[in-house]
Amino acid sequence: MHTHPNTRLWPRAVLAACLSAVPLLAPWPAQAQATFVQTPYKNPKVLFDFYLDNPAKMGAALYWLRSFVNPLTEAPYSFFNDDMSVIVLLHGTELVTVAKKNEAKYEEVVQRMRYYAGQGVKFKVCGLALKDFGYTLADMQPFIEVTPSAMTELVHWQNQGYGLITPQVTDKRFSIEEIR
């Protein structure tokens, strides 16, 4: 049987490599707690793409907006309206929440949207979806801008450098207390 001259060295090389990796497997020194990092955010531009399967999920989707806007308007960032650009595009079932005739039914989310609109957030509705739902411009809340199409709007703002956030709103099955 003929063997290659380096065959006998191979097991030693493997053993040496394995032994050199042992320190990597040793546990890391324990830290007392996590580390908070203050990321240096600068003039954010974001487009929220809301396309929900149930208008009742609009409240949960607006928490995504809150999670973006609130930390940036508070210290240490303290951004103002002209420091950031935020757009929310509606083109799913949630657009019924901004129809004037449904204001009483969706009062809480309409109030929250009004608040954010007052902070400079732009709320836009897809014109194609508006027609599909049988609405007109006159049917929409005054803080709503209607665009030709959600798809062309998405591309336009992304081409302008806006980051895209598409909230994933799932049905909540467990309370926080149950899964902590």
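S78 is partly exposed, with a relative accessible area of 32%. In this predicted model, S78 lies in the loop between α2 and β2. Its phi is positive, about 50 degrees, although S78 is not a glycine. The loop between α2 and β2 also holds P76. There, a cis peptide bond joins A75 and P76, with omega about 10 degrees.

N43 is another non-glycine residue with a positive phi, near 25 degrees. N43 sits in the loop between α1 (9–25) and β1. Its relative accessible area is 48%, so N43 counts as partly exposed. The table sets out the two residues.

| Residue | Loop | Phi | Relative accessible area |
|---|---|---|---|
| S78 | between α2 and β2 | about 50 degrees | 32% |

**Overall layout**

The protein has six helices and five strands. From the N terminus on, they follow the pattern α-β-α-β-α-β-α-β-α-β-α. Of the 180 residues in the protein, 34% are buried.

Five strands form an open sheet in the order β4-β3-β2-β1-β5, and the pairing is parallel. Its edges are β4 (144–147) and β5 (163–165), each of which pairs on one side only. On average, neighbouring strands of the sheet are turned by 25 degrees against each other, direction ignored. In general, strands of a sheet pair through backbone hydrogen bonds, in a parallel or an antiparallel way.

Strand β1 covers residues 45–50 and runs parallel to β5, with three bridges joining the two. At V46, the bridge partner in β5 is G163.

**Helices on the sheet**

Helix α2 (residues 58–73) lies across β1, β2 (85–90), β3 (122–126) and β5. Relative to β1, helix α2 runs at about 170 degrees.

Helix α5 also meets the strands. Four of its residues, A150, E153, L154 and W157, are buried. Seen down the axis of α5, the buried residues fall within an arc of 100 degrees, so they line one face of the helix. These buried residues of α5 pack against β1, β2, β3, β4 and β5.

**The nonpolar core**

The largest nonpolar core has 44 residues. L65, M113 and F123 have the most contacts inside this core. At least two core residues come from each of β1, α2, β2, α3 (107–118), β3, α4 (127–132) and α5 (150–159). Helix α2 gives the largest share, seven residues.

M113 shows how parts of the chain meet. Leaving out residues up to four places away in sequence, M113 touches M58, L62, T97, V98, F123 and F143. One of these partners, F123, is itself among the residues with the most contacts inside the core.

Definitions and conventions: Residues are numbered from 1 along each chain as its sequence is written. This is a predicted model: local features need pLDDT of at least 70, side-chain atom pairs count only at pLDDT 80 or more; totals for chains, interfaces and linings use all residues. Side-chain values use heavy atoms; hydrogens and water are left out. Two strands pair if DSSP finds at least two bridges between them. Axes are lines fitted to C-alpha atoms, for helices over the stretch in contact, and angles run from 0 to 180 degrees between N-to-C directions. Contact means heavy atoms within 4.5 Å. A nonpolar core is a set of buried Ala, Val, Leu, Ile, Met, Phe, Trp, Tyr and Cys residues joined through side-chain atoms within 4.5 Å. Buried means under 20% relative accessible area, exposed over 50%, partly exposed in between (1.4 Å probe, protein chains only). The arc is that of the directions from the helix axis to the C-beta atoms.
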